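The sequence and coordinates are shown below.

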Amino acid sequence: MSKMKKYLFLLALAALLVLSQVAAERKEASRVVHLTPDNFDNYVSTPQEKYVFVLYCVPWASTCKTVIKLWDRLSMSQSRKRHRDVFIAAYVDGYKYPGLVARMNVSGYPYMRYYTPFEPEGFQYSGLRELVLLESFVFQFT
């Protein structure tokens, strides 16, 4: 291989690496509702025909970073399902709102609780953190 071809090959490889990094850093589309102490009760505690799946997390934990991306994908996949008008994927930042987390008796992160009209206190999801399993869980209880 000539010196010029090697140079062009390395240049193309560097360009691909830069583009892949940009694509990886691009924020995924999301329909996740960010809950705060001011709006939490409007979504979760107010009697209504809503199904609210809440992820309690802290943004600095590596497991939470992964699950937050999964939550974005769950919100988008459920937006295309028949129950899109009654399902809400929501997120509580445990670092910003420790009082809300304590009020809801969250014991660790990530913590997932599904609030439904039939279970207004919610029930914990403790299964594997895979999109297809979360979708199945939502389908079973919605």
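In this predicted model, C57 has a relative accessible area of 0% and is therefore buried, since the cut-off for that class is under 20%. C64 is likewise classed as buried, at 0% relative accessibility. A disulfide is a covalent bond between the sulfur atoms of two cysteines. A search of the whole structure finds zero disulfides.

C57 is also one of the contacts of I68, which touches L55, C57 and Y91 once neighbours within four places in sequence are left aside. I68 belongs to helix α3, residues 62-78, and counts as partly exposed at 23% relative accessibility. Its C-alpha atom lies 9.4 Å from that of V32, although 36 residues separate I68 and V32 in sequence.

The accessibility values of the residues discussed in this report are collected here.

| Residue | Relative accessibility | Class |
|---|---|---|
| C57 | 0% | buried |
| C64 | 0% | buried |
| I68 | 23% | partly exposed |
| D41 | 31% | partly exposed |
| R103 | 43% | partly exposed |

The next topic is the sheet. Five strands make up an open sheet of mixed pairing, arranged in the order β1-β3-β2-β4-β5. Its edges are formed by β1 (33-35) and β5 (123-125), each of which pairs on one side only. From one strand to the next, the twist averages 30 degrees. Strands of a sheet pair through backbone hydrogen bonds, either parallel or antiparallel. Strand β4, residues 111-115, pairs with β5 in the antiparallel sense over three bridges, and Y114 stands opposite F123 in β5.

Helix α3 packs on this sheet and touches β2 (51-57), β3 (87-93) and β4. The direction of α3 makes about 165 degrees with that of β2. Helix α5, residues 131-141, lies across β2, β3, β4 and β5, and runs at about 155 degrees to β5.

Which residues form the salt bridge with closest N and O atoms 2.5 Å apart? The partners are R103 and D41, and the structure holds one salt bridge. R103 lies in helix α4 (residues 98-103) and D41 in helix α2 (residues 40-43), so the pair ties together parts that are 62 residues apart in sequence. Both partners are partly exposed, R103 at 43% relative accessibility and D41 at 31%. Side chains of opposite charge can pair when their charged atoms come close.

Methods:
Residues are numbered from 1 along each chain as its sequence is written. This is a predicted model: local features need pLDDT of at least 70, side-chain atom pairs count only at pLDDT 80 or more; totals for chains, interfaces and linings use all residues. Side-chain values use heavy atoms; hydrogens and water are left out. A disulfide is a pair of cysteine sulfur atoms within 2.5 Å. Buried means under 20% relative accessible area, exposed over 50%, partly exposed in between (1.4 Å probe, protein chains only). Helices (H or I, at least four residues) and strands (E, at least two) are DSSP runs, numbered from the N terminus. Contact means heavy atoms within 4.5 Å. Two strands pair if DSSP finds at least two bridges between them. Axes are lines fitted to C-alpha atoms, for helices over the stretch in contact, and angles run from 0 to 180 degrees between N-to-C directions. A salt bridge is a side-chain nitrogen of Lys or Arg within 4 Å of a carboxyl oxygen of Asp or Glu.
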